[in-house]
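Hi,

Here is the structure I promised to pass on.

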Amino acid sequence: VKVKVLFFAALREQLGTAGEEIELPSGVGTVAALRGHLRGRGGAWQAALADGKLVRMAVNQDMAQPSAAIKAGDEVAFFPPVTGG
Amino acid sequence: MKVSVQAQDFDAGAEIRALSRDPKVGAVASFVGVVREVGMTLEHYPGMTERALQKIVEEARGRWQVLDCTVIHRHGALKPTDQIVLVVVASAHRGEERHLVARLDRGGGLRHVLVHRHADQLAIGQRQLPGAAAAAQIATQRRHRAYAGGQLDLLACSAELLAQRGEEKNFHLHQ
């Protein structure tokens, strides 16, 4: 199962990538599980996607809860919280 | 209805005139957001930003009698005094359009997808929102209260954003 993953703003800078296509291991069926899977890469991934970090997620360009399901061909985006003035 | 997310500046006067041409239009309200005190760089998620703005516009059209509207949000590097967002709403009757202007600027959807990349100065951190999730919740609650007949909520939103508080109050009373 392949999905497209995108990273924005500070996350993109920390991870050094704007996104990639990844093959989901079996058992990774939600946004939260995907985040955990990426965190497992260690290093910057572990730091940027750590549990305590506020990260917003979207599936196919709609904001999504961590429990949201993902399926083949989905576009999953990660970005930091927003500031405003 | 026009929704645009763009790097280039906009001409508010031209956009307002463009919405005033229809002889059915009785009022045009506008809101211009300006970068205050510190510069910022906004990046966005192409596609999602436009959809989120479109959704807010659709929702507003379902609730108020809107003849036409224009929403322009800029992205990229912006410095203090730069224009950042424009909302223009045309309505047949005075009053309707003001609420939409307030809603569009308040809409959680908009803030969700605009990502603050880096502040030119630390000061911007002090203005940080409670987080997009919280902002979304606030937006949802506001909406629910509005549906329950909570005109006060709308009133507060509008008054906060638009200078002419007296007119807002009058509108509220007339309703």
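A word on terms before the tour: helices (H or I, at least four residues) and strands (E, at least two) are DSSP runs, numbered from the N terminus. Bear in mind that this is a predicted model, where local features need pLDDT of at least 70, side-chain atom pairs count only at pLDDT 80 or more, and totals for chains, interfaces and linings use all residues. Residues are numbered from 1 along each chain as its sequence is written, chains are lettered from A and ligands numbered from 1 in the order in which they are written, and side-chain values use heavy atoms, with hydrogens and water left out.

Chain A to begin with. It has three helices and five strands, and from the N terminus the order is β-α-β-α-α-β-β-β. Of its 85 residues, 46% are buried (buried is under 20% relative accessible area, exposed is over 50%, partly exposed is in between, all with a 1.4 Å probe and protein chains only). For contacts (heavy atoms within 4.5 Å) between residues at least 6 apart in the sequence of chain A, 48% join residues at least 24 apart. The accessible surface of chain A is about 3900 Å², and carbon and sulfur atoms hold 53% of that; the areas come from the Shrake-Rupley method with a 1.4 Å probe, and for residues only the protein chains shown count as cover.

A:Ala9 sits in helix H1 (residues 9–15) of chain A and is buried, at a relative accessible area of 0%. Chain B has a case too: B:Thr81 is not a glycine either, yet its phi is positive at about 80 degrees. That residue is in the loop between strand E5 (76–78) and strand E6 (83–91) of chain B, and at 64% relative accessibility B:Thr81 is exposed.

Now the strands of chain B. Six of the seven residues of E4(B) are buried, so this strand is largely enclosed by the rest of the structure. Which strands does E4(B) pair with? E1(B) pairs with E4(B) in the parallel sense over five bridges, while E6(B) runs antiparallel to E4(B) and is joined to it by six bridges. (Two strands pair if DSSP finds at least two bridges between them.) For landmarks, B:Gln6 has B:Arg74 in E4(B) as its bridge partner, and B:Val71 stands opposite B:Val87 in E6(B).

Helix H2 of chain B (residues 48–63) has 16 residues and reaches 23 Å from first C-alpha to last, close to the 22 Å expected at 1.5 Å a residue. The expected span here is 1.5 Å times one less than the number of residues. Among the buried residues of H2(B) are B:Ala52, B:Leu53, B:Ile56, B:Val57 and B:Ala60. As a reminder, an α-helix has 3.6 residues a turn, so residues three or four places apart point the same way.

On to charges. How many salt bridges does the whole structure hold? A search over all chains finds eleven, counting a side-chain nitrogen of Lys or Arg within 4 Å of a carboxyl oxygen of Asp or Glu.

- A:Asp62 and B:Lys55 meet at 2.9 Å, N to O. This pair crosses between chains, from strand E4 (residues 62–63) of chain A to helix H2 of chain B. A:Asp62 is partly exposed at 30%, and B:Lys55 is partly exposed at 48%. A:Asp62, B:Arg51 and B:Lys55 are linked in a network of salt bridges.
- B:Glu15 and B:Lys2 meet at 3.1 Å, N to O. B:Glu15 lies in helix H1 (residues 12–20) and B:Lys2 in strand E1 (residues 2–6) of chain B, so the pair ties together parts 13 residues apart in sequence. B:Glu15 is buried at 16%, whereas B:Lys2 is partly exposed at 35%.
- B:Asp9 and B:Arg74 have their closest N and O atoms 3.5 Å apart. B:Asp9 is in the loop between E1 and H1 of chain B and B:Arg74 in strand E4 (residues 68–74), so this bridge ties together parts 65 residues apart in sequence. B:Asp9 is partly exposed at 44%, but B:Arg74 is buried at 9%.

Cheers
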